[in-house]
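Q: I'm new to reading protein models. Could you walk me through one, feature by feature?

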Amino acid sequence: VELGCGELRYCILPAISYLRAEQPDAIISGQTIYNIVIIIANYLAGRTSTVIATEHMPIVPKLRKWNFLKRNLIKKVLVKADFIVVVSEGLREEFVSELEVDQRNIVRIYNPIIENTPLKSSER
């Protein structure tokens, strides 16, 4: 859904309005900061939808690089997603250990671009 809000910081209110009006059963979002925004908007909208956050990159570099506010948003908000989908077992283990997420809420779905290549697993 295109919210037409330009900058990310202006997206929370339009997202809340959308969630209240449409009441989708589920939301799938991608990238850490967008995941955080949609989790906050869903909470402020009255927790109307199941949130499935997708993550394709390691979380540790973000925790080291980002400022205090963003680090705490990751640790306090991202873990509130109903499910976090990651693309490797290594990412799954990292999210469980670094964010102390219940491993039942972390789902690994391999990247289909890598998984469906004709290379043998030993060549990857």
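Predicted model: local features only at pLDDT ≥ 70, side-chain atom pairs only at ≥ 80, totals over all residues.

Q: How many residues does the largest nonpolar core have, and which have the most contacts inside it?

A: In soluble globular proteins, nonpolar side chains tend to be buried together. Here the largest nonpolar core has 27 residues, and Ile 59, Ile 74, Leu 78, Ile 84, Phe 95 and Leu 99 have the most contacts inside it. At least two core residues come from each of helix 1 (12–22), helix 2 (32–44), strand 2 (50–55), helix 3 (60–65), strand 3 (83–86) and helix 5 (89–99). Helix 2 gives the largest share, four residues.

Q: What is Ile 74 in contact with, leaving aside its neighbours within four places in sequence?

A: Its partners include Ile 36, Ile 59, Leu 63, Trp 66 and Leu 99.

Q: Which residues form the disulfide, and are they buried or exposed?

A: The structure holds one disulfide. Cys 5 and Cys 11 form it, with their sulfur atoms 1.9 Å apart. Both Cys 5 and Cys 11 are buried, and their link is right-handed, with 70° about the S-S bond.

Q: How much space lies in the largest pocket, and which residues are closest to its centre?

A: Rolling a probe the size of a water molecule over the atoms shows where empty space is left. In this model, the largest pocket holds about 420 Å³ of space. It is lined by 18 residues, and Val 1, Glu 2, Leu 3, Ala 15 and Ile 38 are the closest to its centre. Strand 1 (26–30) is among the elements giving two or more lining residues, and strand 1 supplies the largest share, four. By class, the lining has 15 nonpolar, two polar and one charged residues.

Technical notes. Residues numbered from 1 in each chain as written. Heavy atoms only, no water. Core = buried A, V, L, I, M, F, W, Y, C linked by side-chain atoms within 4.5 Å. Buried < 20%, exposed > 50% of the residue type's maximum accessible area, 1.4 Å probe, protein only. Contact = heavy atoms within 4.5 Å. Disulfide = S-S within 2.5 Å. 1 Å grid on protein atoms, 1.4 Å probe; cavity = no way out; pocket = protein on both sides within 12 Å on 5 of 7 lines; lining within 4 Å. Points joined across faces, edges and corners; volume = space filled by probe spheres on them. Nonpolar A, V, L, I, M, F, W, Y, C, P; charged D, E, K, R; others polar.
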